Amino acid sequence: MLTPAVGCFVAAVVLTPLVRAIAVRAGFVDRPGGHKQHGRVVALGGGVAILLAIAGPAVIAYALLAHWASDTPPDWLPAALLEHLPGLASRGPQLAAVLAGALVLHVVGLIDDVRPLGPVPKFIAQFAVAGFIAGPMGLRVVELLPVPLSIAATVAWMVVIINAFNFLDNMDGLSAGVAAVAGAILAVASLASGQLFVPALAAAVVGGVAGYLVFNFHPARIFMGDAGSLVIGYLLAVLTILATYYDPDRRLSPFGLLVPVVVLAVPLYDVGSVVIHRLRLGISPFRGDRRHFSHRLVRRGLTVRGAVLTIYLATAATGLPAIVLPRVSWPYAVLLLGQCLCVVAIIAILEHAGPSAVEGASTNPDDSRHNPPKP
């Protein structure tokens, strides 16, 4: 499991500064202004490095595995992997479809980073990619439902998660770090459930975003833009769909179906709370502002790094129970789910209750004086 993680991490560490240098030379940068006044010019294009760092090693690794499955594998391959070579080689169409969807969203995000498209074109692309994954590719959530309902649920889930990570990309290191934490938990949970393809792909995602995070943690030297946030949200959504957490033959309980919800509870909370805030104010849910979970924590007195690290910890606190959730009986599953809800409730109470911890801090969500975010 460390091989894809380390390989993609190294690829991201090498590619990110190269992409940054090219972006700066080409003038592909994010400039201060509006709600995203981060105070300095920062290179864009981090999403390019993330996609290449994940997709490149994944394609190379699959090509090698497929070759070894059809020919004599090298002697140094571990026996535990040899028995899974045919199964891994059969995953080629799924891997190609997943990466094709990531490429489509990446291109749409890249166009939006150059010249804002507005929400409609991006939603069309998201629904189209999600529909392809759920329809022709047959990767769906809650397969016990009738096919049309299962497809609709899958598309809705994917679009929500894609936008949750797009919304999270509002502060240095936030979206990438949360994706790394969530991806690592999904990798361990799916590996513990007896799978190999899903944890390997999850490990690749973790490695890619972690390598990029080296250059994106506050103060960021490069931003991923929509070209990156749409892709990592999409990949995590796909991972939750590909994984099998309920299988009576392997003694995996139905409560395993809650794994994606608890792992992604914090991103779901953020997107839900922001949308509700904006709707209450009578503004578009897709209009950028400073009403995100991270911004509210900063207005409570945390630094940018403190707010980001707090959200990492909250993601880990809600997500770690997912590792054992598929293998516990209902009383323990209820307790684990209750723990997740308690963490989210504590977050909501702490960020909303009482006056701002910063004396004189603005309560205007659009005031960018305190630790302005990235886009």
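Visitor: Which residue forms a salt bridge with Asp226?

Guide: In this predicted model, Asp226 pairs with Lys122, and their closest N and O atoms are 2.8 Å apart.

Visitor: Where do Asp226 and Lys122 lie?

Guide: Asp226 is in helix H10 (residues 225-242) and Lys122 is in helix H6, so the bridge ties together parts that are 104 residues apart in sequence.

Visitor: Is Asp226 buried or exposed?

Guide: Asp226 is buried, because its relative accessible area is 11% and the cut-off for buried is under 20%.

Visitor: And Lys122, buried or exposed?

Guide: Lys122 is buried too, with a relative accessible area of 15%.

Visitor: How many salt bridges does the count come to?

Guide: The count is two. Besides the pair with Asp226, Lys122 meets the side chain of Asp112 in a salt bridge, at 3.5 Å from N to O.

Visitor: Where is Asp112?

Guide: Asp112 is in helix H5 (residues 92-114), and Lys122, in helix H6, is 10 residues apart from it. Asp112 has 10% relative accessibility, so it counts as buried.

Visitor: Which residues are linked in the network, then?

Guide: Asp112, Lys122 and Asp226 are linked in a network of salt bridges.

Visitor: New topic. How many aromatic pairs does a search of the whole structure find?

Guide: The search finds one. Its members are Phe123 and Phe127, with ring centres 6.2 Å apart and planes at 40 degrees, so the pair is tilted.

Visitor: Why tilted, and not stacked or edge-to-face?

Guide: Stacked needs planes under 30 degrees apart and edge-to-face needs over 60; the 40 degrees between Phe123 and Phe127 therefore makes the pair tilted.

Visitor: How are Phe123 and Phe127 placed in helix H6?

Guide: Helix H6 covers residues 119-134, and the two are four residues apart in it, which means that about one helical turn separates them.

Visitor: What is the relative accessibility of each?

Guide: Phe123 is at 21%, so it counts as partly exposed. Phe127 is at 44% and also counts as partly exposed.

Visitor: What about the surface? Which residues make the nonpolar patch?

Guide: Leu2, Val6, Phe9, Val10, Val14, Leu18 and Val214 make a nonpolar surface patch of about 620 Å².

Visitor: Which helix gives the largest share?

Guide: Helix H1 (residues 2-26) does, with six residues. One of the patch residues, Leu2, is found in helix H1.

Visitor: Is Leu2 buried or exposed?

Guide: Leu2 counts as exposed, because its relative accessibility is 66% and exposed means over 50%.

Technical notes:
Residues are numbered from 1 along each chain as its sequence is written. This is a predicted model: local features need pLDDT of at least 70, side-chain atom pairs count only at pLDDT 80 or more; totals for chains, interfaces and linings use all residues. Side-chain values use heavy atoms; hydrogens and water are left out. Patches are made of residues with over 30% relative accessible area and no salt bridge: like charges are joined within 9 Å, nonpolar side chains (Val, Leu, Ile, Met, Phe, Trp, Tyr) within 5 Å. Accessible areas come from the Shrake-Rupley method with a 1.4 Å probe; for residues, only the protein chains shown count as cover. A salt bridge is a side-chain nitrogen of Lys or Arg within 4 Å of a carboxyl oxygen of Asp or Glu. Buried means under 20% relative accessible area, exposed over 50%, partly exposed in between (1.4 Å probe, protein chains only). Rings of Phe, Tyr and Trp (its six-membered ring) pair if their centres lie within 6.5 Å; planes under 30 degrees apart count as stacked, over 60 as edge-to-face and the rest as tilted.
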